[in-house]
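Reader: I'd like to go through the wording used for this model. Could you show it to me?

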Amino acid sequence: MPLSNEDIVKLKEKAWSIRRMIIQTTIWAGGGHVGGALSQTDILAALYFHYMKIDPKNPGLEDRDRLVLSKGHGGIGLAVVLAEAGYYKDELLKDFNHTGSSFGMHLDKLKVPGVDASTGSLGHGLSISVGLALGAKLKKASWRTYCILGDGECGEGSIWEAAMAAKHFNLDNLIGFLDRNMLCIDGETEKVMALEPLTDKWKSFGWNTISIDGHDFAQIGDAIEKAKAFTGGPTMIIARTVKGKGVEYMEGKAAWHYGGLDSGMAEKALASIDRAYGKA
Ligand SMILES: Cc1ncc(C[n+]2csc(CCOP(=O)(O)OP(=O)(O)O)c2C)c(N)n1
């Protein structure tokens with residue numbers, strides 16, 4: 001069933017509050033991977049606040065859907081989403097990446113409730129996801145595995161080994177999102193290591209592919225519904241996104257892959273997010 005207007009309004013509110021909290025947590029942490037955390041936000045909001053079967057009061061629920069943030073540097077964004085979903089209090093984020101905190105820049109599944117895989121070294125999350133999805137098949141369990149990949153990350157050869165395996169095992173319970181913001185750490189993906197034609201690459205590995213605007217909730221929702229209904233193998237949703245989405249001065253700038261914010265920058269960032277959501 002497509003998302004209703006009411007659902008979309010609710011998800012936009014969540015995305016607004018998540019984006020603000022990513023800025024706040026970046027201030028507390030003294031710096032963070034803010035650009036990629038903002039590009040993945042709407043995808044995570046749709047998954048955690050509408051589509052995924054989860055119980056924040058019981059993070060280990062056997063029957064839950066799993067999410068693997070293969071672009072593990074986006075952990076600051078996932079940590080905010082998990083707090084917003086109720087896995088823990090957002091006050092804990094005040095210590096994000098401080099010595100002794102449970103929250104490192106890359107999230108540890110043994111320390112942070114709700115995290116299904118410890119990631120950070122790029123290129124491994126899809127293999128972990130294949131293992132989880134295959135495990136669900138072997139157990140005849142109905143839960144799904146979602147995996148969020150970066151586009152720069154797709155330069156890792158291990159992604160393509162996992163892509164092959166996912167089709168080999170016909171893992172129709174595995175749904176990937178490729179955060180196609182066209183930027184990696186060093187600049188434009190097409191200059192650093194060209195990926196295009198990217199959709200054709202996933203298709204040729206046997207995946208069902210869907211291309212969407214990764215900031216449009218109606219399109220995100222529609223793609224998830226189609227992926228869930230598809231039984232011929234795994235699906236990769238290629239989501240066109242904007243690195244730094246919501247903060248005008250960060251949008252489309254590789255320099256904001258990682259950054260710290262002084263009080264002037266933070267104020268400007270929050271004001272920009274508020275404007276983007278008609279709150280100012
Ligand atoms: C194996 C490995 N090599 C290098 C890095 C350092 N690194 C962190 S993020 C990043 C760029 C990732 O770009 P992309 O996947 O496009 O992420 P996004 O733009 O969505 O933040 C790199 C090279 C890493 N984490 N792991």
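This is a predicted model: local features need pLDDT of at least 70, side-chain atom pairs count only at pLDDT 80 or more; totals for chains, interfaces and linings use all residues.

Reader: Why are H3 and H9 called oblique to each other?

Author: The axes of H3 (residues 41–51) and H9 (residues 217–229) come within 10 Å and cross at roughly 60 degrees. Roughly parallel needs an angle under 35 degrees, and roughly perpendicular runs from 65 to 115. The pair is therefore oblique.

Reader: What makes Leu69 buried?

Author: Leu69 has 27 other C-beta atoms within 10 Å. The cut-off for buried is 20 or more, so Leu69 counts as buried. You'll find Leu69 in strand E1 (residues 66–69).

Reader: Which residues is Leu69 in contact with, leaving aside neighbours within four places in sequence?

Author: Those are Gly74, Gly75, Leu78, Thr119, Gly125 and Ile148.

Reader: And the ligand: which residues come nearest?

Author: Gly36, Gly150, Gly152, Glu153 and Cys184 come nearest, out of 20 residues around the ligand. By class, that shell holds four nonpolar, eleven polar and five charged residues.

Reader: Which helix gives the most to the shell around the ligand?

Author: That's H2 (residues 34–39), with three residues.

Technical notes
Residues are numbered from 1 along each chain as its sequence is written. A residue is near a molecule or strand if its C-beta atom, placed from the backbone, lies within 6 Å of it. Helices (H or I, at least four residues) and strands (E, at least two) are DSSP runs, numbered from the N terminus. Ala, Val, Leu, Ile, Met, Phe, Trp, Tyr, Cys and Pro count as nonpolar, Asp, Glu, Lys and Arg as charged, and the others, Gly among them, as polar. Axes are lines fitted to C-alpha atoms, for helices over the stretch in contact, and angles run from 0 to 180 degrees between N-to-C directions. Angles under 35 degrees count as roughly parallel, over 145 as roughly antiparallel, 65 to 115 as roughly perpendicular and the rest as oblique. A residue is buried if 20 or more other C-beta atoms lie within 10 Å of its own, exposed if 12 or fewer, and partly exposed in between; C-beta atoms are placed from the backbone. Two residues are in contact if their C-beta atoms, placed from the backbone, lie within 7 Å.
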